[in-house]
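Here's a walk through one protein chain, written for someone who likes to know the cut-offs behind each term. Have the viewer open while you read.

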Amino acid sequence: MPFRRGARADRPGAEPAGPYPSGRPSVRAGHEHSSKVGQSQMHAHTSRATGDGTGRTDSTGRTEGAGGTEGAGRTGRTGGTGGTGRTDRGAVPPLAGFTVGVTAARRADELAALLERRGAVVLRAPVLRIVPLSDDVELLTTTRQLLDDAPDVVVATTAIGFRGWVEAADGWGLGEALLRRLDGAELLARGPKVRGAVRAAGLTETWSPASESMAEVLERLLDEGVDGRRVAVQLHGEPLPGFAEALRAAGATVVAVPVYRWMPPEDLGPVDRLLDAALARSLDAVSFTSAPAAASLLERAEQRGQAEALLDAFRTDVLAACVGPVTALPLQARDVPTRQPERFRLGPLVQLIAAELPGRVRPLPVAGHRVEIRGHAAVVDGLLRPVPPAGMSLLRALARRPGWVVSRGDLLRALPGAGRDEHAVETAMARLRSSLGVPRLIQTVVKRGYRLALDPRADAKYAPR
């Protein structure tokens with residue numbers, strides 16, 4: 001046949017009299033320019049707002065009212081607003097003010113563009129590189145073995161791997177012979193992308209699981225019976241834990257087809273910067289699109305002596321967003337909570353992040369205004385207000401006990417690298433008020449400190465527990 005290609009705590013520094021001090025507070029203001037990414041926002045329990053400044057994502061992955069960012073590394077300035085963060089349709093993009101790490105090597109540009117389109121600042125750090133094995137003796141030897149001793153079953157696990165195998169065989173002059181062997185076998189395709197690659201090669205798969213799960217593939221094979229059968233399994237960068245062992249225990253001869261390998265990146269600088277950002281909580285989420293990528297990031301943290309600190313960040317403040325359950329396994333094995341979309345694709349992954357991060361923000365009623373504190377910005381009455389890193393540190397410290405007085409000493413300790421001079425708090429506070437655009441959101445309580453001017457009617461709801 002022809003073939004084709006194709007966040008109640010003790011209150012250090014807070015007066016026991018409660019959040020509303022006696023006397024008339026004085027308010028001071030100052031000036032500041034917008035700056036780059038600060039540390040992550042305080043996470044708290046709330047339901048996600050959809051029409052009052054956080055944006056809304058529909059089932060197709062498009063975001064209503066979302067404007068495009070000017071580029072990764074810039075602080076949430078969106079189109080058509082002169083940097084205020086309000087889009088033409090009056091809504092703040094769902095990820096504006098948040099920073100998301102992208103660990104993918106393949107399709108990283110596509111994933112970053114989808115996140116930026118929803119307002120995120122993206123920190124790119126490919127933690128792996130794919131090394132094709134077109135000139136690898138191991139793949140050539142395995143291919144020849146399958147030509148000499150035909151497989152009864154072939155399991156194709158990834159589209160890129162399957163295509164790479166056929167292309168490599170073409171380069172060796174074995175392409176047509178390989179396709180004939182595959183056509184004569186029971187061909188199982190793990191998911192729709194692999195199924196598409198199989199059909200593009202002029203073949204037809206025998207079966208493909210709706211779950212896209214290798215566990216379902218294994219279950220089918222064991223139910224069919226594999227005793228005495230020869231099963232070729234196309235690997236996808238690393239061994240499949242337990243898969244081949246289960247088949248061999250059932251009597252099969254298993255041939256592993258190593259189409260490509262995952263290797264550490266040649267430049268580890270971006271990976272180390274992503275780790276530093278996660279540890280500093282200046283990342284709000286990290287996206288993972290493969291299990292080897294998750295394992296590689298954990299391994300790099302181990303090499304730097306930061307593994308436990310990274311795990312703590314993922315368990316508390318930094319969202320680990322995985323494209324699917326297989327990708328999540330290395331993290332879940334270390335007791336890291338992960339989130340995955342129902343459909344294991346980039347679009348749904350971005351939709352999940354765009355729903356999850358705003359949903360972690362507790363809206364605060366402050367001085368008659370609605371305030372959301374995001375990773376490196378605040379949303380005030382539906383307007384995105386980028387805040388300097390020092391200002392974000394102060395804002396988060398105040399928001400941990402909204403309405404309660406926080407002493408200058410406590411605020412000084414919250415300022416990174418501020419030393420012992422409390423004047424640094426006054427300077428940063430003036431800049432914070434200027435950045436928020438509404439100075440009276442933060443009150444100065446003379447000789448005591450500062451407080452968020454929480455609306456009295458909200459006292460019972462937001463008082464420390």
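Accessible areas here come from the Shrake-Rupley method with a 1.4 Å probe, and for residues only the protein chains shown count as cover. On that basis the chain exposes about 20,200 Å², with carbon and sulfur atoms supplying 48% of it. Keep in mind that this is a predicted model: local features need pLDDT of at least 70 and side-chain atom pairs count only at pLDDT 80 or more, while totals for chains, interfaces and linings use all residues. Residues are numbered from 1 along each chain as its sequence is written, and side-chain values use heavy atoms, with hydrogens and water left out.

Buried residues (under 20% relative accessible area; exposed is over 50%, and partly exposed is in between, with a 1.4 Å probe and protein chains only) make up 55% of the 465 residues in the chain. The secondary structure comes to 16 helices and 19 strands. Those are DSSP runs, H or I with at least four residues for helices and E with at least two for strands, numbered from the N terminus.

**The parallel sheet**

Start with an open sheet of five strands, ordered β4-β3-β11-β12-β13 with parallel pairing. Two strands count as paired if DSSP finds at least two bridges between them. β4 (121–124) and β13 (338–339) stand at the edges with a single partner strand each, so one side of each is left without a neighbour in the sheet.

Over in β11 sits Val 286, which is buried with a relative accessible area of 0%. What does Val 286 touch, leaving out residues up to four places away in sequence? With contact meaning heavy atoms within 4.5 Å, the list is Gly 101, Thr 103, Leu 274, Phe 314, Val 318, Leu 319, Ala 320 and Ala 321.

α12 lies across β3, β11, β12 (319–322) and β13, running at about 160 degrees to β12. Axes are lines fitted to C-alpha atoms, for helices over the stretch in contact, and angles run from 0 to 180 degrees between N-to-C directions. Val 286 and Ile 353 are 67 residues apart in sequence and 9.4 Å apart in space, C-alpha to C-alpha.

Buried or exposed? Glu 356 counts as buried, at 19% relative accessibility. Leaving aside residues up to four places away in sequence, Glu 356 touches Leu 319 and Arg 339.

Helix α1 (residues 108–117) packs with α12 (residues 346–359) at an angle of about 35 degrees, their axes 10 Å apart. Making the contact are Glu 110, Leu 111, Leu 114 and Leu 115 of α1, plus Leu 346, Gly 347, Val 350 and Ile 353 of α12. The residues divide into six nonpolar, one polar and one charged; Ala, Val, Leu, Ile, Met, Phe, Trp, Tyr, Cys and Pro count as nonpolar, Asp, Glu, Lys and Arg as charged, and the others, Gly among them, as polar.

Another open sheet has four strands in the order β14-β15-β16-β17, with antiparallel pairing. Its edge strands, β14 (364–366) and β17 (383–386), each pair on one side only. The twist averages 30 degrees from one strand to the next. Val 380 stands opposite Leu 383 in β17.

α13 lies across β14, β15 (369–373) and β16, running at about 110 degrees to β15. Nine of the eleven residues of α13 (residues 389–399) are buried, so the helix is largely enclosed by the rest of the structure. Among the buried ones are Met 392, Leu 395 and Arg 396.

**Strand pairings side by side**

| Strands | Direction | Bridges |
|---|---|---|
| β3 and β4 | parallel | four bridges |
| β3 and β11 | parallel | three bridges |
| β16 and β17 | antiparallel | four bridges |
| β6 and β7 | parallel | four bridges |
| β6 and β8 | parallel | three bridges |

In β6, Val 153 and Val 155 point one way, Val 154 and Ala 156 the other way, and all are buried.
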